[in-house]
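Here is a short report on one protein chain. Look at the model first, then read on.

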Amino acid sequence: MTSFSEASATKGRGRRVILWRHGQTSWNVERRFQGSTDVELTETGLAQARRAARLLASLKPDAMVASDLRRAAATAAELATLTGLDVTYDEALRETYAGAWQGLTHEEIIARYGEEYTAWKRGEPVRRGGGELETEVADRAAPVVLRHAEKLPEDGTLVVVSHGGTIRTTIGRLLGLDPHHWESLGGLSNCCWSVLGEGARGWRLLEHNAGTLPEPVLGDDD
């Protein structure tokens with residue numbers, strides 16, 4: 001069976017994928033689990049997106065694809081305004097569906113689902129709140145990223161606007177890491193990004209949680 005890394009290596013060389021997390025929402029600030037709930041950006045989140053968009057525009061991206069949830073779509077819109085790129089929206093890039101966890105604060109999750117939370121943090125396959133496994137998120141999101149990356153010109157750059165958990169699982173899948181080790185990648189701060197570059201052996205992690213001075217990671221993936 002051909003791995004994601006092997007499949008990507010058979011195509012062009014020198015392409016980059018920038019996986020960009022959306023800006024701040026009120027639920028991020030409240031440490032309330034969002035998952036697939038459609039929560040809008042705060043004013044701070046919009047300002048973060050505008051600042052990050054100026055930096056990303058200087059990289060002259062060739063294409064952009066985004067989650068269709070409003071917090072990701074609004075983040076993508078800031079870069080589209082500066083670059084003139086069309087945004088393709090794909091629900092497969094949404095954040096992990098986490099069932100009963102969605103809408104709960106971090107403290108409420110630990111109080112009600114402490115064993116489940118601890119097992120997840122140990123790297124065990126857990127359907128948080130009865131929702132998706134992390135591997136299932138990667139199953140839906142990683143092929144979307146690869147499909148759009150394959151359309152890039154040589155040395156081209158794709159921007160993927162998504163969510164912390166989805167980005168982490170996608171990176172893990174594209175790098176060929178065992179799912180147990182995906183947690184070692186760490187979370188992304190709001191409106192920060194990671195960069196994958198394509199080389200002779202497939203995808204490599206070039207940057208992680210880039211884009212600003214270190215800030216707290218606020219969200220579902222902390």
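Which residues does Val 17 touch, not counting residues up to four places away in sequence? Val 17 touches Val 145, Ala 149, Leu 158, Val 160, Ser 194, Val 195, Leu 196 and Trp 203. Contact means heavy atoms within 4.5 Å.

The model is predicted, with local features needing pLDDT of at least 70 and side-chain atom pairs counting only at pLDDT 80 or more, while totals for chains, interfaces and linings use all residues. Residues are numbered from 1 along each chain as its sequence is written, and side-chain values use heavy atoms, with hydrogens and water left out.

**Cores**

Val 17 and Val 160 have the most contacts inside the largest nonpolar core, which has 21 residues. At least two residues of this core come from each of S1, H6, strand S4 (157-162) and H7. H6 gives the most, with 6 residues. A second, separate core has 20 residues, including Ala 49, Leu 79, Leu 85 and Val 159.

Two terms apply here. A nonpolar core is a set of buried Ala, Val, Leu, Ile, Met, Phe, Trp, Tyr and Cys residues joined through side-chain atoms within 4.5 Å. Buried means under 20% relative accessible area, exposed over 50%, and partly exposed in between, with a 1.4 Å probe and protein chains only. Helices (H or I, at least four residues) and strands (E, at least two) are DSSP runs, numbered from the N terminus.

H6 has 16 residues and reaches 22 Å from its first C-alpha to its last, close to the 22 Å expected at 1.5 Å a residue. The expected span is 1.5 Å times one less than the number of residues. The buried residues of H6 include Val 137, Ala 141, Val 145 and Ala 149.

Helix H5 (residues 106-121) also has 16 residues, but its end C-alpha atoms are only 13 Å apart. A straight helix would reach 22 Å. Where does H5 bend? The bend is at Tyr 113, by about 105°. That angle lies between axes fitted to the seven residues ending there and the seven starting there.

In H5, His 106, Ile 109, Tyr 117, Ala 119 and Trp 120 are buried. Their cover includes helix H6 (134-149) and helix H7 (164-175). Just after H5, Gly 123 takes a positive phi of about 95°.

**The annotated site**

The UniProt record, an unreviewed entry, places the annotation "active site" on His 22 and Glu 95. They span 74 residues in sequence, yet no two of their C-alpha atoms are more than 10.8 Å apart, so they gather at one spot. UniProt positions are given in the numbering used here, feature names are shortened, and annotations may be inferred rather than shown by experiment.

His 22 lies in the loop between strand S1 (16-21) and helix H2 (26-29). Is His 22 buried or exposed? At 1% relative accessibility, His 22 counts as buried. Beyond four places in sequence, its contacts include Gln 34, Arg 71, Ser 162, His 163 and Cys 191.

Glu 95 sits in the loop between strand S3 (87-89) and H5. Glu 95 is buried too, with a relative accessible area of 5%.

Ser 162, one of the contacts of His 22, lies in strand S4. Ser 162 is buried at 1% relative accessible area. Leaving aside neighbours within four places, Ser 162 is in contact with Trp 20, Arg 21, His 22, Ser 67, Leu 93 and Ile 167.

Thr 25 is in the loop between S1 and H2. Its relative accessible area is 0%, so Thr 25 is buried. Thr 25 touches Gln 34, Val 39, Glu 40, Leu 41, Thr 42 and Arg 71, not counting residues up to four places away.

**Side chain to backbone**

The table lists polar contacts. Each is a pair of N or O atoms within 3.5 Å; within protein, one must be able to donate a hydrogen and the other to accept it, and residues adjacent in sequence count only if both atoms are side-chain atoms.

| Side chain | Backbone atom | Distance |
|---|---|---|
| Glu 95 | nitrogen of Gly 165 | 3.0 Å |
| Ser 162 | oxygen of Leu 93 | 2.7 Å |
| Thr 25 | nitrogen of Asn 28 | 3.1 Å |

**Leu 55**

Leu 55 lies in helix H3 (residues 43-57). At 37% relative accessibility, Leu 55 counts as partly exposed. Leu 55 touches Trp 193 and Gly 211, not counting residues up to four places away. The C-alpha atoms of Leu 55 and Gly 211 are separated by 7.7 Å, although the two residues are 156 apart along the chain.
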